Amino acid sequence: MARIEPGLERETVSVNLPQRKYSVVVGSGIVKDIVDYISYSAPSRTVVLLTQPPIARAHPSFLKSLEELLAGAGFPFHLVTFPSGERYKNINTVKKIYEKLLELGVERRDLLVAWGGGVVGDVGGFIAASYLRGIDYLQVPTTLMAMVDSSIGGKVGINLGEGKNLAGFFYQPKGVFCDVSLLKTLPRRELVSGMAEVAKYALVFQSSFYSFLLRNKQKLASRDETSLIRVISRCARLKARMVKEDELDLKDRRILLNYGHTLGHALERVTSYRELLHGEAVALGMLVAAKISEGMGLADEGLYGVHRELLESLGITSLPSFLPSSEEVMEVVRYDKKRAGGKLRMVLLRKVASPAIVEDPPERLIRRALEEVLKEEKGR
Ligand SMILES: NC(=O)c1ccc[n+]([C@@H]2O[C@H](COP(=O)([O-])OP(=O)(O)OC[C@H]3O[C@@H](n4cnc5c(N)ncnc54)[C@H](O)[C@@H]3O)[C@@H](O)[C@H]2O)c1
């Protein structure tokens with residue numbers, strides 16, 4: 001970790017893959033790092049910044065600095081936008097962006113920069129993987145969720161009418177630049193939702209991180225930049241490790257990052273991706289998983305309380321009032337199980353930082369855990 005000016009830290013995490021290596025830079029005010037990387041990587045390539053209008057509006061100085069520094073270094077620059085919202089993560093948006101890139105004369109050696117949350121990152125990565133059979137891209141995430149999770153690891157994709165992320169690639173970025181100053185404008189609900197993914201890393205991988213989060217809850221709630229840099233780089237390191245060990249999600253390592261996601265996805269689907277943000281659904285999914293772990297005798301009683309304490313400390317206290325019935329959610333769980341060849345593989349915990357992959361946990365336990373969590377939530 002190199003200190004660059006008093007009070008502000010910058011951390012660099014390496015993602016070391018068999019075929020390639022890239023860095024995740026985490027800091028505050030790091031536009032120049034992005035331009036330095038671009039200048040170093042290849043001379044005189046066109047740079048296309050892909051984003052959404054609210055992000056460009058919220059950060060005019062970031063945009064202006066990027067544009068000016070690139071112009072100073074001799075790089076042609078274009079801004080391309082598409083509307084915000086999960087519903088635009090689709091093939092129509094991709095088609096429009098392809099057409100725009102062709103109109104701008106973007107070539108194979110040029111560079112795309114995906115500047116936004118997980119939606120921009122996933123769409124940008126999909127475009128980069130496929131436009132002219134693949135161009136380089138950088139991830140510059142602007143949500144906490146994207147900084148700790150989606151921007152790292154090269155999973156990119158779009159939604160189809162039949163479901164989420166059904167078309168996509170494993171296509172690694174050339175670099176990831178997390179600028180925590182961008183998080184100042186993130187709506188509180190989005191920030192807190194990202195905290196659920198942060199909690200996931202602590203619960204699955206690191207009890208010392210769990211204690212760190214409890215100790216720093218106030219600083220995190222006030223978006224203290226140094227604390228955010230520490231948290232994001234810690235998550236990035238854990239994610240980089242899982243991606244290195246299992247880039248293509250085939251070896252039972254990357255699956256650990258799905259803790260809370262089995263029930264989380266089902267809850268998102270049942271509520272048509274409208275009521276719950278991704279992290280909120282994952283938070284509920286982790287609470288259910290903790291109860292299943294206890295119910296199976298895998299974990300001691302108390303694991304659920306440990307989850308509650310951490311999630312509440314990070315601000316995940318009151319979830320949206322509309323929650324589905326457990327029967328509706330169970331239907332989706334059964335459907336997912338059928339689609340996965342009749343086997344439901346769930347990540348559960350023996351205790352904090354001791355995950356286990358369990359095949360087909362008893363349905364009655366899942367249902368009971370789900371009912372208890374939903375009842376508790378509705379009563380809050
Ligand atoms: N590829 C992966 O590995 C992976 C992992 C997890 C999730 N995802 C995907 O990520 C997506 C969700 O991403 P998300 O949670 O970042 O949501 P998002 O990208 O939809 O962003 C949330 C909202 O915040 C706005 N926004 C973004 N940054 C902002 C900022 N700094 N200030 C103000 N507003 C800002 C966006 O315009 C949007 O309206 C889902 O599509 C999910 O499938 C992908």
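Here is a short chat about one protein chain, in questions and answers.

Me: What kind of model is this, and how are its residues numbered?
Reply: This is a predicted model, where local features need pLDDT of at least 70, side-chain atom pairs count only at pLDDT 80 or more, and totals for chains, interfaces and linings use all residues. Side-chain values use heavy atoms, with hydrogens and water left out, and residues are numbered from 1 along each chain as its sequence is written.

Me: How many Å separate the centres of domain 1 and domain 2?
Reply: Domain 1 covers 2-185 and domain 2 covers 188-378; such bounds come from an automatic or database domain assignment. Where they touch, 33 residues come from domain 1 and 30 residues from domain 2, with contact meaning heavy atoms within 4.5 Å. Taken over C-alpha atoms, the distance between the two centres is 27 Å.

Me: Is E197 buried or exposed?
Reply: You'll find E197 in helix α7, residues 188-205. Helices (H or I, at least four residues) and strands (E, at least two) are DSSP runs, numbered from the N terminus. Buried means under 20% relative accessible area, exposed over 50%, and partly exposed in between, using a 1.4 Å probe and protein chains only. E197 has 0% relative accessibility, so it counts as buried.

Me: Which residues does E197 contact, leaving aside its neighbours within four places in sequence?
Reply: E197 sits in helix α7. Beyond those sequence neighbours, its contacts are M145, V148, D149, H261, H278 and V282.

Me: Which residues of α11 are buried?
Reply: Helix α11 runs over residues 261-270 and is mostly covered, with seven of its 10 residues buried. Those residues pack against β9 (163-170), α7, α12, α14, β11 and α15. By name, they are H261, T262, L263, G264, A266, L267 and E268.

Me: Is α12 roughly parallel or roughly antiparallel to α13?
Reply: The axes of α12 and helix α13 (residues 303-313) come within 8 Å and cross at roughly 160°. Axes here are lines fitted to C-alpha atoms, for helices over the stretch in contact, and angles run from 0 to 180 degrees between N-to-C directions. Angles under 35 degrees count as roughly parallel, over 145 as roughly antiparallel, 65 to 115 as roughly perpendicular and the rest as oblique. The crossing angle therefore makes α12 and α13 roughly antiparallel.

Me: How many nonpolar, polar and charged residues are in the contact of α12 with α13?
Reply: On the α12 side there are A283, M286, L287, A290, K291, S293 and E294, and these meet L303, Y304, H307, R308 and L311 in α13. By class, that contact has seven nonpolar, two polar and three charged residues. For the classes, Ala, Val, Leu, Ile, Met, Phe, Trp, Tyr, Cys and Pro count as nonpolar, Asp, Glu, Lys and Arg as charged, and the others, Gly among them, as polar. So the split by class is seven nonpolar, two polar and three charged.

Me: Is K291 buried or exposed?
Reply: K291 has its place in helix α12, residues 278-295. Leaving aside neighbours within four places in sequence, K291 is in contact with Y304, A369, E372, V373 and E376. Its relative accessibility is 16%, so K291 counts as buried.

Me: How far apart in space are M346 and G260, C-alpha to C-alpha?
Reply: M346 lies in strand β11, residues 345-351, and at 2% relative accessibility it counts as buried. In sequence, M346 and G260 are 86 residues apart. In space, C-alpha to C-alpha, they are separated by 8.6 Å.

Me: Is I357 buried or partly exposed?
Reply: I357 is found in strand β12, residues 354-359. Among its contacts, leaving aside neighbours within four places in sequence, are I255 and M346. With 29% relative accessibility, I357 counts as partly exposed.

Me: What is the phi of R133?
Reply: R133 is in the loop between α5 (118-130) and β7 (136-141), and at 77% relative accessibility it counts as exposed. Most residues other than glycine have a negative phi. R133, a residue other than glycine, has a positive value, near 65°.
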